[in-house]
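Here is a short report on one protein chain. Have a look at the sequence and the model, then read on.

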Amino acid sequence: MTGEEMHALVERLYPICRSITGDGVRRTLEIVGERLPLTVTEVPTGTEVLDWTVPKEWNIRDAYIKDATGRRVVDFRASNLHVVGYSVPVSGTYPLEELRPRLHTLPEQPALVPYRTSYYAETWGFCLSQDVLDGLADGPYEVLVDSTLEDGALTLAEHVVPGELADEVVISCHVCHPSLANDNLAGVAVAVALAGRIAAAGRPRHTYRFLFMPGTIGAITWLALNRDRLRRIAHGLTLACAGDPGPLTYKRSRRGDAPIDRAVTHVLRDRPHRVLDFSPYGYDERQFCSPGFDLPFGGLTRTPYAGYPEYHTSGDDPGFVTPEAMEDTLDALWQVTRVLEGDRTYLNLSPYGEPQLGRRGLYGSLGGRSDTRQGQLAMLWVLNLSDGEHSLLDVATRSGLPFALVEEAALALRDAGLLKEHA
C-alpha cells in the first residue's frame with residue numbers, strides 16, 4: 001500500500017463509531033478483512049480474563065441535545081465524539097444547569113470536541129466544544145441517547161503470515177477509538193500495509209501475527225486466551241499514532257535490551273527519532289510487559305500518547321495525518337523486520353589471525369552496493385565478532401555499519417567457507 005492508499009483507508013474508517021465492544025468494531029474489522037484474511041474471535045460478556053471480566057456490549061444508533069426550536073445543538077450524527085462512550089440510554093428534558101455536569105469541553109482548546117468514555121461505570125454524557133457551550137441558552141433541552149448496553153461479546157481479530165519458524169513477531173494495534181485518525185486509525189492502516197508487504201516478499205523466516213483488538217481489555221483478553229503459546233513470541237511491537245508529523249518514537253520493552261529493542265534502535269539511528277525507557281503507562285505494551293508475562297514487547301509511535309494538542313480531540317481528524325508520515329512509519333517497520341529476518345549468529349571457521357580474503361575473491365565483492373572499503377570493513381567486523389556469541393545485529397550496532405551491509409558480508413564469508421551459522 002502507498003501512503004495515499006493508507007490515508008484512504010483512514011478516511012474510510014474514520015466515520016465509524018467504535019468502542020471496546022460493539023458493531024463499530026465488527027464493521028472496522030470487516031473493512032480490514034477486505035485486505036487481509038482475519039480470524040475473528042467473539043468472547044462473551046462475563047468471561048473472566050485474568051483479573052478482568054469482559055463487559056457488556058455497547059451499541060448506539062443516535063444521540064442529540066435539541067434546543068427549544070428543535071435544532072440539534074449537539075449531534076451524534078455530525079461526530080460520534082459528541083457522546084461519551086458507553087453512555088446508557090436516556091430520554092428526557094433538562095435545563096442547562098442540570099445538564100452541565102454531563103457536558104464535557106476543553107476550555108483551553110475552545111473550538112475542539114474532547115473524546116471521553118465511561119466503560120466500567122454506567123452513566124451518560126455529551127462532549128462539545130467550549131465555544132458551543134458558551135452560546136447555549138438556559139434551556140430547556142430535549143436529550144436523547146438511543147443506545148443499548150447488554151450482554152454480547154468482545155471482538156478480536158488476528159492475521160497470520162506463516163513463516164519457516166514457529167517463533168513469532170507480533171504486531172498489535174487497537175481498534176476501539178471512534179473518530180480519531182492518528183490514535184489509532186493510522187496505526188491500523190500501517191499494520192495492514194506491513195502485513196501485505198511481508199506476505200508479498202515471500203515466505204518469511206519468522207511467523208508474523210497481527211492483532212487488531214480493543215485497547216487494554218482486548219490485550220488482556222487475548223493474553224488470557226493464548227497463555228499456552230506466549231512462549232513462541234520472540235519479538236513484539238504495539239503500533240499507534242503512526243501518521244502525525246512528529247518524529248518516530250520508540251518505547252523500550254520492560255527488559256530494556258531485548259532483541260526488538262536493539263533492532264528498532266538500530267533502524268532509527270539514521271532518521272529523526274526518540275527512544276524512551278519503559279514505563280507501565282501507555283498502550284498495550286504494558287499488558288504484554290506485565291511482570292508475569294515479561295514479553296519482549298516495545299512500542300512504536302510517532303508523537304506518543306498525549307504528546308500533541310490534537311490527542312483525544314476532534315482535531316485528530318484525517319487532515320492531521322499524512323501519507324508521507326505513514327509511509328515513513330511503514331518503511332521503519334519494514335526495515336525492522338529485515339533486521340529480525342536477517343539476524344543470525346555465526347562462528348568464524350578461521351579464527352586464528354585474519355584469513356586471507358583476497359585469494360578467496362572477497363576483496364571488492366561487495367562494491368556493487370556500497371563502497372569497497374565499507375564492504376571490506378564489514379567483513380572484518382563480522383569475522384572478528386563471529387565467536388558464536390555475537391549476532392549480526394551486535395556487529396552492526398558495534399561497528400556503526402548498516403545491518404544490510406553486515407548481513408551481505410556474512411553471507412559472502414559463509415559462501416567462501418569462512419563462517420558457519422551457530423545454533
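In which helix does E5 lie? E5 lies in helix α1. Helices (H or I, at least four residues) and strands (E, at least two) are DSSP runs, numbered from the N terminus.

This is a predicted model, in which local features need pLDDT of at least 70, side-chain atom pairs count only at pLDDT 80 or more, and totals for chains, interfaces and linings use all residues. Residues are numbered from 1 along each chain as its sequence is written, and side-chain values use heavy atoms, with hydrogens and water left out.

**The chain overall**

The protein chain has 12 helices and 19 strands. Its C-alpha atoms fill a box of roughly 90 × 40 × 35 Å, taken along the principal axes. Of the 423 residues, 56% are buried. Buried means under 20% relative accessible area, exposed means over 50%, and partly exposed is in between (1.4 Å probe, protein chains only).

The protein chain exposes about 17600 Å². Carbon and sulfur atoms supply 48% of that area. Accessible areas come from the Shrake-Rupley method with a 1.4 Å probe; for residues, only the protein chains shown count as cover.

Take the contacts in the protein chain with a separation of 6 or more: residues 24 or more positions apart account for 80% of them. Contact means heavy atoms within 4.5 Å.

**Charge and the negative patch**

There are 41 positive and 56 negative side chains in the protein chain. The centres of the two sets lie 6 Å apart. Lys and Arg count as positive, Asp and Glu as negative; His and the chain ends are not counted. The place of a charge is taken as NZ of Lys, CZ of Arg, CG of Asp or CD of Glu.

E5 belongs to a patch of negative charge on the surface, together with E4, E324 and E327. Two helices, α1 (3-13) and α9 (323-342), each supply at least two residues of this negative patch. E5 counts as partly exposed because its relative accessibility is 36%. Patches are made of residues with over 30% relative accessible area and no salt bridge; like charges are joined within 9 Å, and nonpolar side chains (Val, Leu, Ile, Met, Phe, Trp, Tyr) within 5 Å.

**Salt bridges**

The whole structure holds 25 salt bridges. A salt bridge is a side-chain nitrogen of Lys or Arg within 4 Å of a carboxyl oxygen of Asp or Glu. Three of them are tabulated here.

| Pair | N to O distance |
|---|---|
| D294 and R255 | 4.0 Å |
| R262 and D394 | 2.7 Å |
| R344 and E421 | 3.4 Å |

Start with the pair D294 and R255, joined by a salt bridge. D294 sits in the loop between α8 (285-288) and β16 (297-301), and R255 in the loop between β14 (248-251) and α7 (259-268), so the pair ties together parts 39 residues apart in sequence. D294 is partly exposed at 21% relative accessibility. R255 is partly exposed too, at 42%.

Next come R262 and D394, whose side chains meet in a salt bridge. R262 is in helix α7 and D394 in helix α11 (residues 392-399), so this pair links distant parts of the chain, 132 residues apart. R262 has a relative accessible area of 26% and is partly exposed. D394, at 22%, is partly exposed as well.

The side chains of R344 and E421 also meet in a salt bridge. This pair links distant parts of the chain: R344 lies in the loop between α9 and β17 (345-348), E421 in strand β19 (residues 419-421), 77 residues apart. R344 is partly exposed, with a relative accessible area of 22%. E421 is partly exposed at 45%. Elsewhere, salt bridges that share partners join D23, R26, E42 and E57 into one network.

**Buried spots**

Is H177 buried or exposed? H177 is buried, because its relative accessible area is 11%. Its place is in the loop between β11 (168-174) and α5 (181-200). Not counting residues up to four places away in sequence, H177 touches R18, Y115, D183, N184 and H312. The C-alpha atoms of H177 and I16 are separated by 9.4 Å, although the two are 161 residues apart along the chain.

D67 lies in the loop between β4 (57-66) and β5 (72-75). At 16% relative accessibility, D67 counts as buried. D67 touches V73, P140 and Y141, again not counting residues up to four places away in sequence.

Helix α6 (residues 217-225) is mostly covered, with seven of its nine residues buried. The buried residues in α6 are I217, G218, A219, I220, T221, W222 and L223.
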